[in-house]
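Reader: I would like to learn how to read domains and interfaces in a model of this kind. Could you take me through them one feature at a time?

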Amino acid sequence: MKLGFSPEEEAFRAEAAAWLQAELSGPFADLRGITSLTAAPDRRRAWERRLGEARWGCIGWPEAYGGRDATLAEQVIFAEEYARAGAPPRLNHIGVELAGPTILAFGSDEQKARLLPPIARGEQLWCQGYSEPNAGSDLANVRTRAWRDGGDWVIEGQKVWTSLAQFSDWIFVVARTEPGSKGPKGLSFLLVPIDQPGVTVRPIRQITGDAEFNETFFDGARTAAANILGEPGQGWQVAMALLGFERGVSTLAQQMGFRNELDAVIRAAKANGAARDPLIRQRIAKAEIGLRLMRYGALRMLSGGTGGAEGNGAAALTYKIQWASWRRSLGELAIDVLGIAGEIGDGAEYGFGELSTLFLYSRADTIYGGTNQIQRNIIAERALGLPREPRGDIG
Amino acid sequence: MRFSFSDEQAMIAETVRSFFAEQATSERTRAAMETAHGHDAELWRSAAQELGLVGLALPEEHGGSGLGQIESAIVAEAAGYQVAALPLLSTALAVRALVAGGTADQRARWLPKLASGELIGSYGEGGRIDGGRLHGRIDHVPHGAVADLFVIAAEGGVALLSRDAAVVTPCTSMDQTRPYARIDADGAAVELLADGRTAIDAATRVGWIALAADALGGAQACLDRTVDYAKERVQFGRAIGSFQAIKHRLADMMVEIEQTRSAVYWAACAADEGAPDALLAAHAAKALAADTYRFCAGNMIQLHGGIGFTWEHDAHLFFKRAQSDATLLGTPEWHRERIAALVGLDEAA
């Protein structure tokens with residue numbers, strides 16, 4: 001067990017930090033400090049390309065596909081420096097963190113050579129087509145259908161909560177390809193270009209007033225037969241494996257964003273005197289502890305092996321509920337620190353400062369990617385071996 | 001950077017887990033509880049002499065194994081899993097104070113005997129020193145009734161006190177596996193440590209991590225035992241572990257425990273590496289582990305129903321140790337207040 005980094009790794013840190021500093025105080029200075037997922041999409045697309053050109057976009061990937069074959073420690077370091085430099089949220093994080101690793105794991109050589117380099121270069125942005133109006137927590141209840149027609153798959157149906165679809169070039173879609181099948185059987189994992197007449201993206205205005213997620217409609221949409229990941233009928237396995245990648249190194253970058261948020265809460269508390277309130281101090285200390293432990297939980301997951309009786313798989317299973325609950329509490333702390341002033345917006349448009357927005361936005365954290373309630377079922381059943389929840393329909 | 005056990009650490013963990021599982025049984029612990037000393041002397045001998053657990057983190061020149069806080073935490077976690085009735089914590093406090101702040105002569109004289117388990121150590125805060133003599137009453141001395149040598153943080157210095165120089169009275173303590181004693185020192189002759197401040201800082205930091213590791217082991221035991229019970233206990237024609245009300249509580253216990261596991265080994269690792277955040281880590285581990293243990297032990301009683309409230313069931317051993325882990329060497333609130341200061345809440349905006 002060792003937490004420190006080697007001199008070589010520290011040299012890598014210095015290189016990454018210098019590059020980020022140069023870019024974000026030079027050509028991309030306007031993006032520094034942006035935290036919104038929807039702000040400045042054109043400039044952030046350019047930033048994705050710049051990261052790709054300099055091969056900082058997907059450093060953990062093999063060199064052949066545009067990565068650097070970076071070690072785990074290097075990936076940890078880059079994620080930390082990326083956030084420390086105030087770099088903006090990755091517009092293509094779904095491509096880089098979810099689609100890419102899944103293509104690496106399940107794709108054919110042809111698919112990897114064709115699909116991965118454009119992600120690494122920051123040229124093709126991706127979004128995720130999982131949830132549907134009747135397939136939320138019960139994700140296997142997918143109704144979007146797809147069938148073969150000549151050299152294509154044809155797709156018919158509707159996805160919902162598709163974050164960033166309005167900026168994306170590709171969407172991966174879990175669709176039912178075996179008519180009459182139910183639950184996790186008979187699904188396939190299809191890769192579909194968004195810019196075509198059969199695909200309509202309609203933004204959904206959310207609690208913040210902003211529209212980061214969308215409804216995505218497929219009405220005779222088409223994709224080439226080669227754009228299936230895994231075998232037909234194997235879609236559920238691919239879809240679940242992808243969710244595992246959500247707990248990868250990207251979590252460290254996410255945490256550095258959280259660090260910036262907690263620092264903003266601390267600054268606000270010091271500025272308005274809330275930092276003298278003993279109860280607020282306790283909550284800030286709890287938030288500080290929780291944030292630090294997210295880092296060490298992530299390092300345990302990424303290090304593999306055992307960290308105790310239950311091993312580090314346990315850290316992986318509990319990670320989602322841990323960070324989601326933490327951030328929702330941070331949102332509540334933020335608004336309590338601000339007091340009534342936090343309920344007043346800056347301008348005529350409906351919208352609020354960073355911390356008030358955090359209060360609203362963080363309500364999503366304990367819902368998307370598996371609600372806290374579903375997470376508890378997963379922990380109870382997979383880690384603790386308790387009886388599975390019965391289904392009400394197909395048993 | 002690798003945040004998982006080395007092969008050697010994994011081996012130590014396996015060894016101590018099976019040692020405590022075999023030796024620190026409920027029967028043995030309960031027998032020790034009956035004595036008011038809360039001490040299983042036979043277990044102490046095997047732990048200290050056969051496995052060398054007491055001197056684990058001591059430098060080899062003093063009869064120890066020269067390992068670090070990570071290994072010490074592994075031992076404390078395993079002992080906590082069985083709520084072992086052993087003066088591990090109290091001795092570690094005295095040892096660490098001596099290592100950090102004792103004179104060369106004091107270290108040479110006492111450490112080998114403490115490392116071998118021949119002597120039991122403890123630590124207390126209170127009293128005052130005047131002309132090489134200790135006066136006053138020192139409360140809440142863990143395992144004080146079986147200790148041979150005390151480190152006393154008193155007004156006017158940090159003293160080494162031999163058992164026979166003062167009156168030691170065992171207290172009726174809620175946690176009988178780590179009972180407290182009271183020391184009345186009516187002008188007892190004492191030696192002063194060379195560097196009292198350093199001794200106390202080092203001892204309490206080690207104590208926080210040791211208590212946190214004890215709490216981690218205890219909380220994990222609460223979860224494991226309650227999961228087993230929820231799988232076998234049938235009501236309404238089904239195992240109670242099939243109800244979401246029960247499953248979700250158990251899942252919440254695991255979520256807290258896994259964070260606590262990260263906290264304990266972060267704190268231990270940061271201490272061993274002398275990391276800049278080592279102090280914050282120790283406060284974080286102590287605060288979180290205490291809350292986690294109380295949460296898990298409380299849930300253990302609740303989910304066992306009536307049987308969990310009986311003297312016969314072990315649930316109360318965990319519940320009481322959890323309370324003691326929370327209050328000894330600073331409450332969770334006190335540790336969090338330290339963190340609030342460390343993150344700069346008192347600095348200018």
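**Domains and interfaces**

Author: The side chains of D169(A) and R45(A) meet in a salt bridge, with 3.3 Å from N to O. This is a predicted model, in which local features need pLDDT of at least 70 and side-chain atom pairs count only at pLDDT 80 or more, while totals for chains, interfaces and linings use all residues. Residues are numbered from 1 along each chain as its sequence is written, chains are lettered from A and ligands numbered from 1 in the order in which they are written, and side-chain values use heavy atoms, with hydrogens and water left out.

Reader: Which domains is chain A divided into?

Author: Domain bounds come from an automatic or database domain assignment, and for chain A they give domain 1 (7–91), domain 2 (126–232) and domain 3 (247–383). The centres of domain 1 of chain A and domain 2 of chain A, taken over C-alpha atoms, are separated by 30 Å.

Reader: What does UniProt place on chain A, and how should I read such a feature?

Author: UniProt positions are given in the numbering used here, feature names are shortened, and annotations may be inferred rather than shown by experiment. An unreviewed UniProt entry places "domain: Acyl-CoA dehydrogenase/oxidase N-terminal" at residues 6–123 of chain A, a span that is 60% helix and 0% strand, with its end C-alpha atoms 34 Å apart. From UniProt, again as an unreviewed entry, comes "domain: Acyl-CoA oxidase/dehydrogenase middle" at residues 127–218 of chain A, where the chain is 0% helix and 47% strand and the end C-alpha atoms are 14 Å apart. Helices (H or I, at least four residues) and strands (E, at least two) are DSSP runs, numbered from the N terminus.

Reader: How much area do domain 1 and domain 2 of chain A bury between them?

Author: Buried area is the accessible area (1.4 Å probe) that two parts lose on being put together, summed over both. For domain 1 of chain A and domain 2 of chain A this is about 550 Å², 57% of it on carbon and sulfur atoms. In domain 1 of chain A, the residues that lose the most area to domain 2 of chain A are T38(A), R45(A) and L91(A), together 70% of what that side buries.

Reader: How many residues does the contact take from chain A and from chain B?

Author: Contact means heavy atoms within 4.5 Å, and on that rule 54 residues come from chain A and 55 residues from chain B. The area buried between chain A and chain B is about 4,800 Å², with carbon and sulfur atoms giving 64%.

Note on methods. A salt bridge is a side-chain nitrogen of Lys or Arg within 4 Å of a carboxyl oxygen of Asp or Glu.
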